[in-house]
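Subject: Structure handover

Hello,

Here is the structure you will be taking over. Please open it first, then read my notes below.

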Amino acid sequence: MTTGGHGTDGVERRGLMFVLSSPSGAGKTTLSRMLIDRMPGLRMSVSATTRAMRPGEVDGRDYLFVDKPRFDAMVKGDELLEWATVFDNSYGTPRAPVETALSAGQDVLFDIDWQGTQQLREKARADVVSVFILPPSAGDLEKRLHSRAQDSDEVIRKRMSRASHEMSHWAEYDYIVINHNVDDAFAEVQSILKAERLKRERRTGLVSFVRGLQGQLQG
Ligand SMILES: Nc1ncnc2c1ncn2[C@@H]1O[C@H](COP(=O)(O)OP(=O)(O)OP(=O)(O)O)[C@@H](O)[C@H]1O
Ligand SMILES: Nc1nc2c(ncn2[C@@H]2O[C@H](COP(=O)(O)O)[C@@H](O)[C@H]2O)c(=O)[nH]1
């Protein structure tokens, strides 16, 4: 699915799909924003959703807010790379922007649930790097959902009651980060991305780079 771009050291490599999942409130959105601000060459995948906009959210930046008929049309038209029902709403990843970014040699960041991660993995296992974020405790998770102050008590109760089920998928992920402290968790997620960018298998330009070095040594 991915084509070449250049790494920071000039060696061509395939773009990767960097996935963050967690129970609601563990910190994916917070860490995603930090990654987008601080890691050049990384683009956020903006999902489509049928859920209502939260205070402060911006259509087209945080989500593409669509109604159910439009979402169903996107599914029918094969416009979504993956999609799932989460907390009674539909969420999905528009295919075109992801393919455009990967073709331009950029990496793409996804804040999606375990169902979407499974679908991406089935489509492009070698290019998906997945990280599951855990909260330090159930009490912290609940506090974070309340401190965000964007969901009703009823919605928060629903999200807390789903947290254990969400977490049961942790072992399907490549990496696990426990978000005690935002700065430490960010440093860990950033290290994962930096290391994965250097993986030999995706660095398609290494063969010619090493040949060039060998040519210089012989010449
Ligand atoms: N390490 C942390 N310590 C304290 N508060 C945190 C930490 N990480 C994130 N938060 C806060 O917790 C709240 C929930 O975080 P965030 O919105 O990033 O979670 P999320 O995993 O994206 O949730 P959702 O799946 O519902 O979108 C926010 O108010 C955020 O500022
Ligand atoms: N499978 C997908 N899951 C998604 C997508 N976009 C978001 N999500 C997940 O939904 C829940 C709830 O998000 P919220 O913004 O309403 O709190 C969370 O786990 C997200 O990761 C998507 O495109 N596909």
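Start with the ligand. Ligand 1 is surrounded by 18 residues, and the closest are Ser24, Lys28, Thr29, Thr30 and Asn179. Keep in mind that this is a predicted model.

Thr30 places a polar side-chain atom 2.5 Å from an oxygen atom of ligand 1. On its own, ligand 1 has 640 Å² of accessible area, and the protein covers 79% of that.

Next, the inside of the protein. In soluble globular proteins, nonpolar side chains tend to be buried together. Here the largest nonpolar core has 21 residues. Phe18, Leu20, Leu31, Leu35, Ile133 and Val189 have the most contacts inside it. The largest share, five residues, comes from α7.

Beyond its neighbours within four places in sequence, Leu35 is in contact with Phe18, Leu20, Leu42, Leu109, Phe186, Val189 and Gln190. Apart from this core lies another, of 12 residues, including Leu102, Phe110, Leu120 and Val128.

Two loop residues also deserve a look.

Ser45 sits in the loop between β4 (42–44) and β5 (48–49). Is Ser45 buried or exposed? Its relative accessible area is 9%, so Ser45 is buried, the cut-off being under 20%. Leaving out residues up to four places away in sequence, Ser45 touches Thr93, Val98, Val108, Leu109 and Phe110. Ser45 and Ile112 are 67 residues apart along the chain, yet their C-alpha atoms are separated by 9.5 Å.

Arg202 belongs to the loop between α7 and α8 (206–218). Arg202 has 4% relative accessibility, so this residue counts as buried too. What does the side chain of Arg202 reach? It extends to the backbone oxygen of Ala126, at 2.9 Å. With residues up to four places away in sequence left out, Arg202 touches Glu12, Arg13, Arg14, Leu16, Ala126, Asp127, Val129 and Glu196.

Best wishes

Conventions:
Residues numbered from 1 in each chain as written. Chains lettered and ligands numbered in written order. Predicted model: local features only at pLDDT ≥ 70, side-chain atom pairs only at ≥ 80, totals over all residues. Heavy atoms only, no water. Core = buried A, V, L, I, M, F, W, Y, C linked by side-chain atoms within 4.5 Å. Buried < 20%, exposed > 50% of the residue type's maximum accessible area, 1.4 Å probe, protein only. Helix = DSSP H or I, 4+ residues; strand = E, 2+ residues; numbered from the N terminus. Contact = heavy atoms within 4.5 Å. Polar contact = N/O pair within 3.5 Å; in protein donor to acceptor, adjacent residues only side chain to side chain. Near = heavy atom within 4 Å. Areas by Shrake-Rupley, 256 points an atom, 1.4 Å probe, with all protein chains shown as cover.
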